[in-house]
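Let me put the model up, and then I'll walk you through a few spots.

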Amino acid sequence: MKISQCRVCKEEKLETVLEYGDVALADSFMNSEQDFKNEQKYPLRLCFCRNCSHLQIDEIIDPEILFRNYVYETGVSSSIIQFAKELYDEVLSFYRTIPSSGKPKVFEIASNDGTVLSVFKENDSEVFGVDPAENIVKIANNKGIDSIAEFFCFETAEKVVDLKGKFDVCLARNVIAHVKELHSVAKGIQTVLNENGFAVIEVPHLKTMFEELQYDQVFHEHIGFHSLDSIRRLFAFYDMEVVHVKELWIHGGSIRIFLQHKNGPRKTTQQVQDLLKAEEDLGLFDKTSWDGFAKRVLDHRVALKEELKRLKAENLNVAVYGASGKGQSLLQFCELDGSVIDYVVDKSSMKQGKFTPGTHLQVHSPSHIYEDLPDVILICAWNFADEIVKQEARFAELGGKFLHPLPMPHYLKA
Ligand SMILES: [Zn+2]
């Protein structure tokens, strides 16, 4: 469904920045070749709000279609477990910036398989999670992480408070960008927090997307592209204020934002003003900057296709590493199908044996690399590039090369 209202300010001021054409949903992997002919595609456009400068897509897919069987498991990547431990330390130290007793009571939105909450639980926090994917909530409950399968919104927040009371901390990692009812989620976050409570929100940062040309972040599951400014504007509707922010390298450059009720007990840190200024200085709130971004994207598509065609002309085999959403966005936007790519490898056993949406490439386990020995691996899961290069060091020893797609295609040193 096409929308005309901005997700953040609600004004009808959206303008298209970049056209992606008709695109298959990034998570709609197919079981067999018979499914190809029934594949659904939907228009995809990156838009800019002339009123509040928020970047977003204006084609919203029914979340029931998108997320009920979402196949991303948090626990799959070992670096994410390490990340959860660091998050725990930071949340605890922020909790203790005012006199606090005991361990914080923690609620997580989009708690997935419970990997993050399990670190809090091991450290004696009471925890509770909500996630829309029934199959993944089952995994979490089997691990002893108390969770329910629901889409989070204001009504869910009221139900959570009835069940469990209010919380000291509300975590929302990589969720704000995905939800259809953004205002309802923001109001829900305000609802679950007690008087001194705080929210910790992580979103891929618009600044990194702009600087590193991460146009593959744009797909139907990923509706909004946030700056600190857009989060600040959204939560101001619900009497919440940003008190701290930190830049992170996860999901390709994210920000972790701490918010409390307006005039809450914690003081705003200097980092907040500094980052708001950096966003403005970079031109993120200016439409002409985004027109320039779109032009760079079109040049990138030509460069990447040319490089892959050159490899094929030399009879070299190319595999893609990573079947994540952004990989499917890049492959589809650049039309990288079986004519230039041989297959995809991914660690998620839920994707192995299936075919990629739109481009119809078969997904194998990473061990397939050593059975087949391709000449080049295109790293679509580039936010894990260091980890992949380390793990697949043998591939490089055997003469293979790693191709990183962004910001312009380049080969990595092993
Ligand atoms: Zn707006």
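This is a predicted model: local features need pLDDT of at least 70, side-chain atom pairs count only at pLDDT 80 or more; totals for chains, interfaces and linings use all residues.

For the whole talk, buried means under 20% relative accessible area, exposed means over 50%, and partly exposed is in between, using a 1.4 Å probe and protein chains only.

Residues are numbered from 1 along each chain as its sequence is written, and side-chain values use heavy atoms, with hydrogens and water left out.

Back to Asn112. You'll find it in the loop between β4 (106-109) and α3. The backbone of Asn112 has phi near 55°, which is a positive value in a residue other than glycine. His360 also has a positive phi, about 55°, although it is not a glycine. His360 sits in the loop between β13 (343-345) and β14 (363-364), and it is partly exposed, at a relative accessible area of 28%.

While we're on backbone geometry, there's a cis peptide bond from Leu406 to Pro407, with omega near -5°. Pro407 belongs to the loop between β16 (401-404) and β17 (410-412).

Now the metal. Which residues hold the zinc ion? Its protein donors are the SG atoms of Cys6, Cys9, Cys49 and Cys52, lying 2.3 Å from it. A donor here is an N, O or S atom within 2.8 Å of the metal (3.2 Å for Na, K and Ca), and since water is not among the atoms, sites may look incomplete. The four donor atoms subtend angles of 104 to 114° around the zinc ion, so the arrangement is tetrahedral. For four donors, that label requires all angles to lie between 85 and 135 degrees. Along the sequence, the donor residues are spaced C-x2-C-x39-C-x2-C.

Next stop, holes. How many cavities of 30 Å³ or more turn up in the whole structure? The search finds one. By cavity I mean a set of points, on a 1 Å grid over the protein atoms alone, where a 1.4 Å probe fits but cannot get out; lining residues have an atom within 4 Å of a point. The largest cavity has a volume of about 50 Å³, where volume is the space filled by probe spheres set on the points, and points are joined across faces, edges and corners. Its lining includes Pro204, Met209, Gln214, Gln217 and His222. Both α7 (206-211) and β9 (224-225) supply at least two lining residues each. One of the lining residues, Gln217, is in the loop between α7 and β9. Gln217 is buried, with a relative accessible area of 4%. Its C-alpha is 9.9 Å from that of Leu206, eleven residues away along the chain.

Then a helix: α5, residues 154-164. Its buried residues are Phe154, Thr156, Ala157, Val160 and Val161. They cover an arc of only 155° around the axis, which puts them on the same side of α5. That arc is taken from the directions from the helix axis to the C-beta atoms. As a reminder, an α-helix has 3.6 residues a turn, so residues three or four places apart point the same way. On the face turned away from the buried side, α5 carries the exposed residues Glu155, Asp162 and Leu163.

Last one, out on the surface. Asp124 is in the loop between α3 (115-122) and β5 (127-131), and it is exposed, with a relative accessible area of 64%.

Key. Four donors count as tetrahedral if all angles lie between 85 and 135 degrees; four count as square planar and six as octahedral if opposite donors are over 155 degrees apart and all others between 65 and 115; anything else is irregular. On a 1 Å grid over the protein atoms alone, a cavity is a set of points where a 1.4 Å probe fits but cannot get out, and a pocket is an open set with protein on both sides within 12 Å along at least five of seven lines; lining residues have an atom within 4 Å of a point. Helices (H or I, at least four residues) and strands (E, at least two) are DSSP runs, numbered from the N terminus.
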